[in-house]
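Biologist: I would like to go through this model with you, one topic at a time. Please bring it up and start wherever you wish.

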Amino acid sequence: MHSLKNRISELSELPKDVVLGIPMLTMIGQMELIIENYRGIIEYTDILVRIHTKDGQIKVVGNSLKVDYYTNDEMKITGCIVSVEYVK
């Protein structure tokens, strides 16, 4: 099914994140991370933020981490980001 959705995305020229519902991450240096297409926050401390996505989790590790805002579609994490890991 994933392959069919991938082909539809390519043929229709729609963005893959929209068709497949996969997360899209935009990182600005080590200070800011914007995550789109997430499902929820699993864990939130000043050194770790774990986010639930359609296919697994995104683990953000750092110092002085803060979720600046979150909506149904997007969230912004700021602080000193040391690593971003995708966990299945």
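Modeller: Let us start with Leu25, which is partly exposed, at a relative accessible area of 36%. Buried stands for under 20% relative accessible area, exposed for over 50%, and partly exposed for what lies in between, with a 1.4 Å probe and protein chains only. Please note that this is a predicted model, in which local features need pLDDT of at least 70 and side-chain atom pairs count only at pLDDT 80 or more, while totals for chains, interfaces and linings use all residues. Residues are numbered from 1 along each chain as its sequence is written, and side-chain values use heavy atoms, with hydrogens and water left out.

Biologist: Where does Leu25 lie, and which residues form the nonpolar patch with it?

Modeller: Leu25 belongs to strand β1, residues 24-28. Helices (H or I, at least four residues) and strands (E, at least two) are DSSP runs, numbered from the N terminus. On the surface, Leu25 forms a nonpolar patch together with Met27 and Val84, and the accessible area of the three comes to about 220 Å². Patches take residues with over 30% relative accessible area and no salt bridge; nonpolar side chains (Val, Leu, Ile, Met, Phe, Trp, Tyr) are joined within 5 Å, like charges within 9 Å. The areas come from the Shrake-Rupley method with a 1.4 Å probe, and for residues only the protein chains shown count as cover.

Biologist: And the overall layout: how many helices and strands are there?

Modeller: There are two helices and six strands, in the order α-α-β-β-β-β-β-β along the sequence. Of the 88 residues, 28% count as buried. The protein exposes about 5,700 Å², with carbon and sulfur atoms supplying 54% of that area.

Biologist: How do β4 and β5 pair?

Modeller: They pair in the antiparallel sense over six bridges, β5 covering residues 56-70. Two strands are said to pair if DSSP finds at least two bridges between them. Within this pairing, Val49 has Val60 of β5 as its bridge partner.

Biologist: What joins β5 to β6, then?

Modeller: Eleven bridges do, and these two strands also run antiparallel. Lys66 stands opposite Thr78 of β6. A hairpin is formed here as well, with three residues between β5 and β6.

Biologist: What does the side chain of Thr53 join in a polar contact?

Modeller: It joins the side chain of Tyr86, at 3.3 Å. A polar contact is a pair of N or O atoms within 3.5 Å; within protein, one must be able to donate a hydrogen and the other to accept it, and residues adjacent in sequence count only if both atoms are side-chain atoms. Setting aside neighbours within four places in sequence, Thr53 is in contact (heavy atoms within 4.5 Å) with Pro23, Arg39, Ile58 and Tyr86.

Biologist: What about Leu48: which residues does it touch?

Modeller: Not counting residues up to four places away in sequence, Leu48 touches Glu43, Lys59, Val60, Val61 and Leu65. Leu48 lies in β4 and is buried, with a relative accessible area of 16%. Its C-alpha atom is separated by 7.1 Å from that of Lys59, eleven residues apart along the chain.

Biologist: Turning to charges, how many salt bridges are there?

Modeller: The count comes to three, a salt bridge being a side-chain nitrogen of Lys or Arg within 4 Å of a carboxyl oxygen of Asp or Glu. One of them is between Glu32 and Lys76, at 3.6 Å, N to O. That pair links distant parts of the chain, with Glu32 in β2 (residues 32-36) and Lys76 in β6 (residues 74-87), 44 residues apart. Lys76 is buried, with a relative accessible area of 19%.

Biologist: Which side chain does Arg50 meet in a salt bridge?

Modeller: Arg50 meets Glu43, at 2.8 Å, N to O. Arg50 is partly exposed at 23%, and Glu43 is partly exposed at 29%.

Biologist: And Lys66, which side chain does it meet in a salt bridge?

Modeller: Lys66 meets Asp68, at 4.0 Å, N to O. Lys66 is partly exposed, with a relative accessible area of 48%, and Asp68 is partly exposed at 36%.
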